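Let's take a friendly walk through this protein together. Please have the sequence and the 3D view open as you read.

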Amino acid sequence: MSRYRTDRLLTLYWFHPLLRTFGGKGLSKIPILMYHSISCQPEGNRHSYFELNTAPEVFALQMAYLKNTGYRVIGLAEAVDLVCGLRGREENRNDRYAVLTFDDGFRDFHERAHPELHRSGFSATVFLPTGYTQADRRVFEGKECLTWDEVRFLAAAGVQFGSHTVTHDMLVEMEPERIKRELRQSKDEIERETGKDVHYFSYPYRYPEQDRAFLCQFESLLARTGYRAAVSTRIGTVKKGDNIYSLKRIPVNSHDDLPLFRAKLEGGYDWLHRVQYWKKRLRPRA
């Protein structure tokens with residue numbers, strides 16, 4: 001049962017209370033929330049921690065929580081400015097920020113997420129694997145994807161789009177020339193279809209933070225291809241001075257009730273990054 005998950009129990013009854021007691025005040029860390037699908041589609045026997053779906057009614061409650069508790073939902077550009085120290089002096093130290101991101105470009109973003117965002121006055125960044133974003137309807141991971149007509153409609157409504165590669169394959173297993181093609185081709189295609197610049201990238205699958213040599217090369221490729229920043233699957237909130245090419249995010253799904261959602265927003269889930277990192281060190285290709 002999801003409410004008895006170890007990560008939930010440790011977050012709500014140990015790490016979040018400790019953070020609230022001893023964490024101090026100041027310019028808050030920024031939670032970049034990582035959503036995938038806003039749906040109730042069954043996910044088989046996948047552990048609740050790894051589920052990608054957020055039920056529409058749960059998503060609505062989460063957006064209402066952000067709005068009712070005074071969070072400023074900002075775009076990635078403003079978040080990157082804060083991380084780089086380009087903004088901050090004029091900011092109220094009590095301001096609380098959040099960023100909304102959606103990976104994989106599923107059709108339900110258009111049908112379910114965007115209407116709720118519009119009602120809340122929020123926008124978001126959607127990362128597209130362009131091999132599955134076409135004029136006709138494509139399917140990825142058993143879910144229908146956005147078409148270019150829908151992407152253009154959403155872009156005109158203020159949704160920002162970023163790259164999630166072309167094929168959504170494992171980058172760490174590719175040759176450098178193929179990685180370059182994935183980065184460039186996806187960026188060019190989104191810019192051509194939307195008429196808007198693409199500045200942000202989302203790393204697919206498990207982020208290989210234990211492979212320093214690969215990441216050094218990869219971050220250089222991102223910069224040379226024209227990306228301003230990139231988000232990863234590393235768990236945690238972000239703060240001033242973080243590496244803008246490997247920004248952490250907070251995974252969200254249907255099992256995030258409001259107590260856990262609040263704890264994640266406030267940094268109470270950040271402890272899990274250490275566990276995530278050491279698992280990668282011990283099983284680097286798992």
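What follows covers a helix pair, a surface patch and a salt bridge.

This is a predicted model, in which local features need pLDDT of at least 70, side-chain atom pairs count only at pLDDT 80 or more, and totals for chains, interfaces and linings use all residues. Residues are numbered from 1 along each chain as its sequence is written, and side-chain values use heavy atoms, with hydrogens and water left out.

Start with helix α6 (residues 176-194) and helix α7 (residues 212-225), whose axes come within 10 Å and cross at roughly 35°. Helices here are DSSP runs of H or I with at least four residues, numbered from the N terminus; axes are lines fitted to C-alpha atoms over the stretch in contact, with angles from 0 to 180 degrees between N-to-C directions. On the α6 side, the contact (heavy atoms within 4.5 Å) includes Ile179 and Leu183, and on the α7 side, Phe214 and Phe218 are among the residues involved.

Now turn to the surface, where Leu10, Trp14, Leu18 and Phe22 form a nonpolar patch with about 440 Å² of accessible area together. Such patches join nonpolar side chains within 5 Å, from residues with over 30% relative accessible area and no salt bridge; areas come from the Shrake-Rupley method with a 1.4 Å probe, only the protein chains shown counting as cover for residues. Trp14 belongs to helix α1 (residues 6-22).

Finally, the whole structure holds 25 salt bridges, each a side-chain nitrogen of Lys or Arg within 4 Å of a carboxyl oxygen of Asp or Glu. One links Arg119 to Glu116, with the closest N and O atoms 2.8 Å apart. Because Arg119 and Glu116 are three residues apart in helix α4 (residues 107-120), about one helical turn separates them.

How values were computed. Helices (H or I, at least four residues) and strands (E, at least two) are DSSP runs, numbered from the N terminus. Patches are made of residues with over 30% relative accessible area and no salt bridge: like charges are joined within 9 Å, nonpolar side chains (Val, Leu, Ile, Met, Phe, Trp, Tyr) within 5 Å.
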